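Here are my notes on the charged side chains in this one. Keep the picture open while you read, and look up each pair as we get to it.

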Amino acid sequence: MGLRKVKLGGDVVGLDNTEKIAFVLRGASKKTIKRLSEEGYRIIFLDSEFKAW
Amino acid sequence: MTPTHYRVIGYARDLDLPIIYVPPGLNPMSIGREAIVVDEPFRILVASTPLSASHRTGRVRPLVAGVSIGNILITAGTLGWFGTMGDGVVLISNAHVFTNKPESPYPPANPAIVQPGSIDGGMASIDTVALYHSHIPVKMIDESDCPVSKAVVSGLNAVSRLLGRKTRFTAVVEPTNKVDVALATLRKGIQYNPLVMGDDGKPFGTSGELVGLLFAGTGEIYVVSKAVNILKYYPHLRLIGAEAVDAKIGDRVVKCGRTTGCTEGEVISTDAVVKVNYGTGYAVFEDVVLVRGKSAGGDSGSSVWLARQQ
């Protein structure tokens with residue numbers, strides 16, 4: 001646990017590595033969710049990516 | 001007041017709006033339709049509608065924050081705040097609001113900043129309130145030119161092909177950004193008030209504690225460039241009547257944007273890394289604030305303030 005550094009990419013569109021929060025697109029793979037959970041991240045699901053308004 | 005006090009005296013074909021005369025003493029923001037409002041023939045007060053937030057898309061003089069604005073080459077964003085650089089007053093908003101190419105280190109082809117933004121009828125001939133001053137280029141994720149990376153990727157793709165796999169690799173450069181910000185120099189003769197427009201068209205009382213500028217969002221969560229970081233990129237910029245502050249998780253904040261008006265939100269991250277879609281590409285931002293709160297296209301550039309203590 002905590003050895004692999006979680007990075008942005010794929011369905012992970014935002015991270016707060018201090019508070020361990022991951023912002024993940026709804027519909028992300030179970031593998032991604034499992035890995036983030038194992039690393040201790042709280043997951044917030046988003047309906048869409050971040051867009052410059 | 002009833003609408004019968006108003007009189008339609010003409011029609012602006014290019015804006016597709018009626019020109020309405022308002023007798024002295026009547027509130028031009030209370031007109032029941034979108035219009036160019038004048039108190040003497042062709043002395044324009046404002047182009048307005050009485051609907052919540054939508055008067056932000058009209059012509060507002062003196063300039064205040066929270067209204068539609070943008071480079072003439074884009075649609076519209078929001079005027080964030082006011083500052084000074086040396087002797088001049090500058091308007092503060094996003095790079096992608098004051099230039100059509102925020103990724104470029106060069107100025108936009110046309111420096112005109114119009115209020116309202118062009119999608120709201122702003123025209124360079126009569127609505128140019130400021131001229132582009134500068135922006136911090138947004139570095140996009142791009143293919144790598146590094147020969148070593150290219151060689152490694154080429155090798156990986158060769159192996160993938162040999163194994164009969166369809167996966168292909170690409171080397172990319174993923175630079176990080178901290179702010180999406182630009183300045184525009186206020187034109188001589190254009191009046192301004194360092195206030196934020198509330199949803200009723202009157203000044204919205206802010207705390208004066210500026211967290212930063214909204215520049216992206218998902219609809220339910222929005223992303224804020226920290227004011228303290230903006231001042232690191234612009235060390236000579238002085239905010240007028242505001243102080244740059246750091247937010248804490250759980251803080252209540254408020255923003256007033258061109259599209260969704262004044263909304264309150266809650267800070268859920270003060271040190272986030274996010275990937276943002278700019279339409280022409282993606283960019284990664286670090287050390288940004290995330291707020292759970294409403295936003296939509298056109299709100300970019302909105303100033304985000306700590307909410308006033310109850």
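1. Start in chain A, with helix H1 (residues 30–38): A:Lys34 and A:Glu38 sit 4 residues apart there, so about one helical turn separates them. Bear in mind that this is a predicted model. The two side chains meet in a salt bridge, with N to O at 3.7 Å.

2. How open is that pair? A:Lys34 counts as exposed, at 54% relative accessibility, while A:Glu38 is partly exposed at 34%. The general idea behind such pairs is simple: side chains of opposite charge can pair when their charged atoms come close.

3. Now hop over to chain B, where B:Asp199 and B:Arg56 form a salt bridge whose closest N and O atoms are 2.8 Å apart. B:Asp199 lies in the loop between strand E16 (192–197) and strand E17 (203–204), and B:Arg56 in the loop between E4 and E5, so this pair ties together parts that are 143 residues apart in sequence.

4. B:Asp199 is partly exposed, at 27%.

5. Next, find B:Arg61 and B:Asp127, whose side chains meet in a salt bridge at 4.0 Å, N to O. This pair links distant parts of the chain: B:Arg61 is in the loop between E4 and E5, B:Asp127 is in helix H2 (residues 124–127), and they are 66 residues apart. B:Asp127 is buried, with a relative accessible area of 2%, whereas B:Arg61 is partly exposed at 23%.

6. The side chain of B:Arg59 makes a polar contact with the side chain of B:Asp127, at 2.8 Å. It also reaches the backbone oxygen of B:Ile126, at 3.0 Å. B:Arg59 has a relative accessible area of 17%, so it counts as buried, the cut-off being under 20%.

7. Last, the overall tally: a search of the whole structure finds 9 salt bridges over all chains. Those in this note include A:Lys34 with A:Glu38, B:Asp199 with B:Arg56, and B:Arg61 with B:Asp127.

Terms used. Residues numbered from 1 in each chain as written. Chains lettered and ligands numbered in written order. Predicted model: local features only at pLDDT ≥ 70, side-chain atom pairs only at ≥ 80, totals over all residues. Heavy atoms only, no water. Buried < 20%, exposed > 50% of the residue type's maximum accessible area, 1.4 Å probe, protein only. Polar contact = N/O pair within 3.5 Å; in protein donor to acceptor, adjacent residues only side chain to side chain. Helix = DSSP H or I, 4+ residues; strand = E, 2+ residues; numbered from the N terminus.
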